[in-house]
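Please look over the sequence and the model before reading on.

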Number of protein chains: 2
Amino acid sequence: MTRDVLETMRERRSIRRYKDQPVPDDIVRQLIEAATLAPNAGNLQPWHFFVVKDKKVRWDLAKAAGRQNFVAEAPVVIVVCADPAHSASRYRSRGAELYCLQDTAAAAQNLFLAATAFGLGTCWVGAFDEKLVSMALNLKENLRPVAIFPVGYPAENPRPSARRPVEQVLTIIDTPAQ
Amino acid sequence: MTRDVLETMRERRSIRRYKDQPVPDDIVRQLIEAATLAPNAGNLQPWHFFVVKDKKVRWDLAKAAGRQNFVAEAPVVIVVCADPAHSASRYRSRGAELYCLQDTAAAAQNLFLAATAFGLGTCWVGAFDEKLVSMALNLKENLRPVAIFPVGYPAENPRPSARRPVEQVLTIIDTPAQ
């Protein structure tokens, strides 16, 4: 298991099967701490994290995610929430519709990489009914759930998903030759 | 200089002053490769990256960012773009308004961490006029600029920005004691 940052990015996988083995609380806390280190607009930190261990609530989340049962089968489920109004208080609509989503996505990516570095498996789940997740977590009105991460020790070893060649997604604007 | 993933997250800073020293092309390419390793909805990879070395275009970007001159003062400026229509083709409005922003933010965070690991300094610039950036880069209609990263060797060493205590941003939902 590597903790080299670039290797960790390469080894990151979407894991949907988990061992029947609990995740230590102090490691879960380190995942949250990693998330909070993310860059964010104006250091507003427009986020809140829910760590769900309760089985019934995990199943409520799985149902909210269109019955993706693997969400409930993980011993811990982390829900990343954004606080659009907090971002809007300084940055108006750009804060609510862009920055708070970017800030929480950067936090989520930190969380994903940290989990990988700890030998954990997780998956970034974005397909869910936000109202059902809000009900499952009894969210305050200001919080918007933006990503769900079921977390456990991996019981599968999928191959990496393919990427388009860099040339297809990169444009270089260099100074014209004299 | 560490490349440990958690240490890199802790050492990441917003750097706005750069040495007069070029960034090697192969390192810039590794930043882009790191970005493309980000998780993304349905592996659609709804992104495009512009590496700007041309001085005039760098100044156009700085002006588009409300005259944040440090953007132009970096030897290389990377602009991350999203392709909302590509995400919408499979996921409709949730793809255009959420997933493609999250996917590109995760890519941006990979880029930021990779830059840190290479000893480079950069800053996530989100405040800019999207139309002016689109004009500066002659963007196709399908691309939306979502983040600008001026990249260079750091000429400052700022302290980390403070974070709220984890307890303020974390809620644990555990099984009630029997």
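Which residue is the bridge partner of B:Ala82 in β4(B)? The bridge partner of B:Ala82 there is B:Arg144. The model is predicted: local features need pLDDT of at least 70, side-chain atom pairs count only at pLDDT 80 or more, and totals for chains, interfaces and linings use all residues. Residues are numbered from 1 along each chain as its sequence is written, and chains are lettered from A and ligands numbered from 1 in the order in which they are written.

**The sheet**

- An open sheet of 5 strands has the order β5(A)-β1(B)-β2(B)-β4(B)-β3(B), with mixed pairing; helices (H or I, at least four residues) and strands (E, at least two) are DSSP runs, numbered from the N terminus.
- The edge strands are β5 of chain A and β3 (121–122) of chain B, each of which pairs on one side only; two strands pair if DSSP finds at least two bridges between them.
- Strand β5 of chain A (residues 170–173) runs parallel to β1(B), to which 4 bridges join it, and A:Thr171 has B:Phe50 as its bridge partner in β1(B).
- β1(B) pairs with β2(B) in the antiparallel sense over 6 bridges, with B:Trp47 opposite B:Ala82 in β2(B).
- β2(B) in turn pairs with β4(B) over 7 bridges, again in the antiparallel sense.
- β3(B) and β4(B) run antiparallel and are joined by 2 bridges; B:Thr122 has B:Val151 as its bridge partner in β4(B).

**Cover on the sheet**

- In β2(B), 7 of its 7 residues are buried (a residue is buried if 20 or more other C-beta atoms lie within 10 Å of its own, exposed if 12 or fewer, and partly exposed in between, with C-beta atoms placed from the backbone).
- One side of β2(B) carries B:Val76, B:Ile78, B:Val80 and B:Ala82, the other B:Val77, B:Val79 and B:Cys81, and both faces are covered.
- α6(B) lies across β1, β2 and β4 of chain B and runs at about 70 degrees to β4(B); axes are lines fitted to C-alpha atoms, for helices over the stretch in contact, and angles run from 0 to 180 degrees between N-to-C directions.

**Helix α6 of chain B**

- The buried residues of α6 (residues 130–137) are B:Val133, B:Ala136 and B:Leu137.
- Seen down the axis of α6(B), these buried residues fall within an arc of 85 degrees, so they line one face of the helix; the arc is that of the directions from the helix axis to the C-beta atoms.
- B:Lys131 and B:Met135 are exposed on the other side of α6(B).
- Cover for the buried residues of α6(B) includes β1, α3, β2 (76–82) and β4 (144–152) of chain B.

- Contacts link 56 residues of chain B with 56 residues of chain A, where two residues are in contact if their C-beta atoms, placed from the backbone, lie within 7 Å.
- The largest share of the side of chain B that touches chain A comes from α5(B), with 13 residues.
- The same surface serves both copies, as 100% of the contact residues of chain B recur in chain A.
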